[in-house]
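Biologist: I've got a model open and I'd like to learn how to read it. Can you walk me through a few features?

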Amino acid sequence: VVVPHPWEASSPMARLTLRRPIPMKRFYAIGIWQPRKAFHELIGAFLRAFMPGEAVHLTVKHREAKWTDYPSPFESMTHWMSDRVVRENGWREENLGPHLRVIGDQWPEEKITELHFKSNIYVAASRGEAFALPAFDAKVAGNRMIYTPWGGQADYADEGDVALPYELEPVPESYRWEPGAKWASVDVDALSRALVTVKAPSEFRRSERVEAMSFPRVGALMRERIDKILLENER
């Protein structure tokens with residue numbers, strides 16, 4: 001059986017549903033900079049989807065890790081700033097600031113909560129996740145989500161979220177996973193379309209799927225399952 005990861009109603013994250021709607025799309029993503037998280041692809045998709053001056057913003061809060069077969073944050077920015085579509089959209093180094101932040105600093109928990117507070121659409125375009133805790137926190141906060149339905153995000157996504165199309169592809173050898181391991185592909189153009197089509201939430205609320213993962217309801221579920229085992233052992 002599966003016991004869901006619970007959330008606490010009195011936590012600062014849960015109280016974020018009380019804030020007012022944000023009148024623009026404020027995308028964000030959190031995690032280690034690595035191929036699996038697809039932050040390089042997300043930055044490119046954002047710059048291809050929008051133009052300077054539009055009411056959009058993207059924050060990528062990452063912890064840097066070096067991969068021989070994946071662009072670093074600096075290499076990623078250099079790559080996309082020479083992309084033809086990105087240039088045609090009007091992006092230049094000098095006009096990125098109001099729209100894009102790529103942050104590698106170490107942040108305390110309060111700053112992460114503030115990022116959830118100031119954002120409204122979490123992008124979990126990962127090639128694979130066990131549970132994706134930052135994405136789950138975003139849903140506890142009442143935010144919308146763009147996600148790859150290959151991993152934990154599918155357990156708590158709702159009808160307002162946007163699922164990305166994908167195919168399975170081989171995992172890079174640098175991960176040293178088992179032979180033949182595969183994960184979900186990331187299509188930059190499909191991700192761009194999702195960024196354009198997703199709607200910012202008009203109110204911050206949790207779906208029934210997320211409500212079912214509250215501490216009391218998960219606790220009751222665990223007790224029900226333990227009682228069932230005890231009853232079976234008494235027979």
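Predicted model: local features only at pLDDT ≥ 70, side-chain atom pairs only at ≥ 80, totals over all residues.

Biologist: How do I read the packing of helix 1 and helix 2?

Modeller: Two packed helices are described by the angle between their axes and the distance between the axes. Here helix 1 (residues 39-49) and helix 2 (residues 73-81) pack at about 30 degrees, their axes 10 Å apart. Axes are lines fitted to C-alpha atoms over the stretch in contact, and angles run from 0 to 180 degrees between N-to-C directions. Helices are DSSP runs (H or I, at least four residues) and strands are too (E, at least two), numbered from the N terminus. The pair is therefore roughly parallel (under 35 degrees; over 145 is roughly antiparallel, 65 to 115 roughly perpendicular, the rest oblique).

Biologist: And which residues of helix 1 and helix 2 make the contact?

Modeller: Contact means heavy atoms within 4.5 Å. Helix 1 brings H40, E41, I43, G44, L47 and R48, and helix 2 brings S76, M77, H79, W80 and M81.

Biologist: What about helix 1 and helix 7?

Modeller: Helix 1 packs on helix 7 (residues 188-197) at about 55 degrees, with axes 8 Å apart. That makes the two oblique.

Biologist: Now E129: is it buried or exposed?

Modeller: Buried means under 20% relative accessible area, exposed over 50%, partly exposed in between (1.4 Å probe, protein chains only). E129 has 17%, so it's buried. It sits in the loop between strand 4 (121-124) and helix 5 (133-140).

Biologist: Which side chains does the E129 side chain make polar contacts with?

Modeller: A polar contact is a pair of N or O atoms within 3.5 Å; within protein, one must be able to donate a hydrogen and the other to accept it, and residues adjacent in sequence count only if both atoms are side-chain atoms. The E129 side chain reaches that of R36 at 3.3 Å and that of K37 at 2.6 Å.

Biologist: What is the phi of A38 and of A132?

Modeller: Most residues other than glycine have a negative phi. A38 has a positive one, near 60 degrees, and A132 has about 65 degrees, also positive. A38 lies in the loop between strand 1 (25-33) and helix 1, and is buried at 1%. A132 is in the loop between strand 4 and helix 5, and is buried at 9%.

Terms used:
Residues numbered from 1 in each chain as written. Heavy atoms only, no water.
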